[in-house]
Amino acid sequence: MQADHDEEPEESELCARVRAGDPGAFRILWERHVQMTRQYALRWTRGNTADADDAVSEAMLGLLQALRGGRGPVENVVGYLRVSVRRAAARITARRQRELPVAEIPDRPGDHECRTIAHFDASCAREAFLGLSEQRRTAIRLCAIEETGPGPLGDRLGIAAAAASSLVYRSKEALRAAFLRRHVNPKSAECADIMDRVVALLRGRPARRHATVVSSHLRRCAACREGRRQLLDVNAGLPQRRQGRTKP
């Protein structure tokens, strides 16, 4: 019979132990997540191992400081580290680009809105993309890969240019919303519904009537408050809707 002490502690238990000052608990978190965190950092530093190591160090240090300060994740350590690594890698990459000679600075990804897709986390973006309708996937693929304009895109889809432009906009918004949803892992159907409403509010869709329900749930659910913080961080790096937005 296997002893109880052989069972791996839950993330929530480890986070609570770090907050209580247990250094061994953070060592377990480090060993459990450092490999995944490094692989994720390599995606965002374009394979630069030195920059990836720096991003991992910053993310892990930030996690430790947050937990010791009574903040940080309740149990979703993976989601917290993914956001932290992305932000650290972006800062490091920006510093690297400032060090390059002017002639070697690459084109800014923001030169074309569709190119923001290239910056999405690969696994989350793939799941989000595959969850779209065939028409929306086609519109995004033609826009992002072939850089097809509204006129030619409309011709290929058999719709007017104005309708094609609207389709691309709505498709990209649907992709961003789906991308956000994959950064949280709700523990119940109620929490999943709340996270969907948080995403809707962040992306500016008319959902003001849900704001009271969301606020009430967040006051009593620590996991969803953590999820909302992660969604705020990820959403800050996405292009925003042209219309006004409502924050939950």
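Student: How many aromatic pairs does the structure hold?

Tutor: The structure holds one aromatic pair. Rings of Phe, Tyr and Trp (its six-membered ring) count as a pair if their centres lie within 6.5 Å; planes under 30 degrees apart are stacked, over 60 edge-to-face, and the rest tilted. Keep in mind that this is a predicted model, where local features need pLDDT of at least 70, side-chain atom pairs count only at pLDDT 80 or more, and totals for chains, interfaces and linings use all residues. Residues are numbered from 1 along each chain as its sequence is written, and side-chain values use heavy atoms, with hydrogens and water left out.

Student: Why is the pair of Tyr-40 and Trp-44 called tilted?

Tutor: The planes of Tyr-40 and Trp-44 are at 50 degrees, so the pair is tilted, and the ring centres are 6.5 Å apart.

Student: Where do Tyr-40 and Trp-44 lie?

Tutor: Both are in helix α2 (residues 23-44), four residues apart, about one turn of the helix. Helices here are DSSP runs (H or I, at least four residues), numbered from the N terminus.

Student: Tyr-40 and Trp-44, buried or exposed?

Tutor: Tyr-40 and Trp-44 are both buried. Buried means under 20% relative accessible area, exposed over 50%, and partly exposed in between (1.4 Å probe, protein chains only).

Student: New topic. How many salt bridges does a search of the whole structure find?

Tutor: Eleven, with a salt bridge being a side-chain nitrogen of Lys or Arg within 4 Å of a carboxyl oxygen of Asp or Glu. One of them joins Glu-11 to Arg-32, with 2.6 Å between the closest N and O atoms. That pair links distant parts of the chain, Glu-11 being in helix α1 (residues 11-19) and Arg-32 in helix α2, 21 residues apart.

Student: And what about Arg-203 and Glu-173?

Tutor: Their side chains meet in a salt bridge at 2.7 Å, N to O. Arg-203 sits in the loop between α9 and α10 and Glu-173 in helix α8, so the pair ties together parts 30 residues apart in sequence. Arg-203 counts as buried at 0% relative accessibility, and Glu-173 is buried too, at 5%.

Student: Last one: how many residues has the largest nonpolar core?

Tutor: The largest core has 26 residues, and Phe-179 and Leu-180 are among those with the most contacts inside it. A nonpolar core is a set of buried Ala, Val, Leu, Ile, Met, Phe, Trp, Tyr and Cys residues joined through side-chain atoms within 4.5 Å. The largest share of this core, seven residues, comes from α9.

Methods:
Helices (H or I, at least four residues) and strands (E, at least two) are DSSP runs, numbered from the N terminus.
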